[in-house]
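Dear colleague,

Please find below the structure I am handing over to you, with its sequence. My findings follow it.

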Amino acid sequence: MTLIVQARQALGEFVLDAGFTSDGGVTALFGPSGSGKTSLVRLIAGLSKPDHGRLMVDGEVLLDTENRIFVPKHRRRFGYVFQEGRLFPHLSVRQNLNYGRWFAPKTMQTENFDRIVELLGIGALLVRRPGKLSGGEKQRVAIGRALLCAPRLLLMDEPLAALDDQRKAEILPYLERLRDETSTPIVYVSHSVSEVARLADRVVMMKDGRVEAVGTPSEVLSLPSTDRRDAGAVLTGTVETIDIPHWLATIRLSQAQIVVPNARVEEGRSVRVHIPERDVMVATQRPEGLSALNILEGIIAAIEPDGDGMVRIRIRCGDDMVLARITALSVERLDLKLEKPVFAVIKTVALER
Ligand SMILES: Nc1ncnc2c1ncn2[C@@H]1O[C@H](COP(=O)(O)OP(=O)(O)OP(=O)(O)O)[C@@H](O)[C@H]1O
């Protein structure tokens, strides 16, 4: 699948002027509130029309303002999942799902039902009405309904934003399965670093209506302009062991292991971990007697002034890069220099959420 989108639209004072391409997988539209993510996804969906723009899927032109082409939303064959599921309250889960199936091309109408129900773990809910479902269950049904239309692209606009952390944690593994076990490309709107770190293959970072950066989660989420509270490294590893009594998973990175609070993952599974740069300290000797579980040995690969007396240190640990944001005074006191061996003391690391 290839998706090419480019659009310009004035919305009152706000001007959206953005575009990106995708070759499939999960593309996250990421950025602060008001950066234009929803406006861009609405244009892709055909829910609004840009002043100027072009949209192509697999070579088919769905929008081209110059040539006055505008394929209406119901003929684009895109699935759409909103923040709140928007299920029909008077229909059972099965009927809600069947409603989605109705829009699929005839040849695809039957094959998918059981597989999608199993994929999303909603088999036990089929006879219930939406009023009797939790927020996370509703979202899973909404995703199922969207998938049953056999969409060629699934648009998800902050699908977890209305859920509490526990429900988010419940639903994220289903989204991962969706990514890994279906070939449906997804455009996923979110302003959560951890969600994007966990799910996205590619990140389109937006700011003030424009695309500021495009790349892998590790490339984009470590950029200084990412929300300060969450900026940091995103590393990929494999679950080595699970310690259920302590609720910890040990993840093998390129060189070292890292211990992460979570015991819900399966051993052998490939996962991403997010290490916020503000939660990393730098030491020139291996510290002892600390409560931090993760101390990684590495070499300083970059020292970047970051304003307000702060400095970002990039520490190369094997093939992984860990980021630390520390004071310029600490850099002086510890005499930190390029290529110096150091220890990254990691206070928090998250496997998801
Ligand atoms: N129809 C409209 N008329 C005027 N302004 C609009 C309209 N639609 C959106 N905007 C403005 O465009 C900007 C971008 O909004 P948009 O919802 O796309 O951002 P977002 O990145 O999705 O934000 P959030 O994460 O809060 O949903 C906002 O400043 C919003 O107020």
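**Helix packing**

Helices H4 and H5 cross in a right-handed sense. Please note that this is a predicted model. H4 covers residues 135-148 and H5 covers residues 165-181; their axes come within 9 Å and cross at roughly 20°. Since angles under 35 degrees count as roughly parallel, H4 is therefore roughly parallel to H5. On the H4 side, the contact is made by Gly135, Gly136, Gln139, Arg140 and Ile143, and H5 contributes Arg167, Glu170, Ile171, Tyr174 and Leu178. By class, this contact of H4 with H5 holds four nonpolar, three polar and three charged residues.

H4 also packs against helix H2 (residues 93-101), at an angle of about 30° and with the two axes 6 Å apart. By the same criterion of under 35 degrees, H2 is thus roughly parallel to H4. The crossing of H2 and H4 is right-handed. Here Val93, Asn96, Leu97, Tyr99, Gly100 and Arg101 of H2 meet Val141, Gly144, Arg145, Ala146 and Leu148 of H4. The residues in the contact of H2 with H4 comprise six nonpolar, three polar and two charged.

**Ligand surroundings**

The shell around the ligand consists of Leu11, Gly12, Phe14, Gly31, Ser33, Gly34, Ser35, Gly36, Lys37, Thr38, Ser39 and His191. Helix H1 (residues 37-45) provides the largest share of this shell, with three residues. Sorted by class, the shell has two nonpolar residues, nine polar ones and one charged.

**Domain arrangement**

The protein chain is divided into two parts: domain 1 spans 3-221 and domain 2 spans 232-346. Taken over C-alpha atoms, the centres of domain 1 and domain 2 are separated by 33 Å. Contact between them involves seven residues of domain 1 and four residues of domain 2. On the side of domain 1 that touches domain 2, helix H6 (193-199) and helix H7 (217-221) each supply at least two residues. The largest share of that side, four residues, comes from H6. In terms of class, the side of domain 1 that touches domain 2 is made up of four nonpolar residues, two polar and one charged.

With kind regards

Note on methods: Residues numbered from 1 in each chain as written. Predicted model: local features only at pLDDT ≥ 70, side-chain atom pairs only at ≥ 80, totals over all residues. Near = placed C-beta within 6 Å. Nonpolar A, V, L, I, M, F, W, Y, C, P; charged D, E, K, R; others polar. Domains from an automatic or database assignment. Contact = placed C-beta atoms within 7 Å. Axes fitted to C-alpha atoms, helices over the stretch in contact; angles between N-to-C directions. Parallel < 35°, antiparallel > 145°, perpendicular 65-115°, else oblique. Left-handed = near helix turned anticlockwise from the far one by under 90°.
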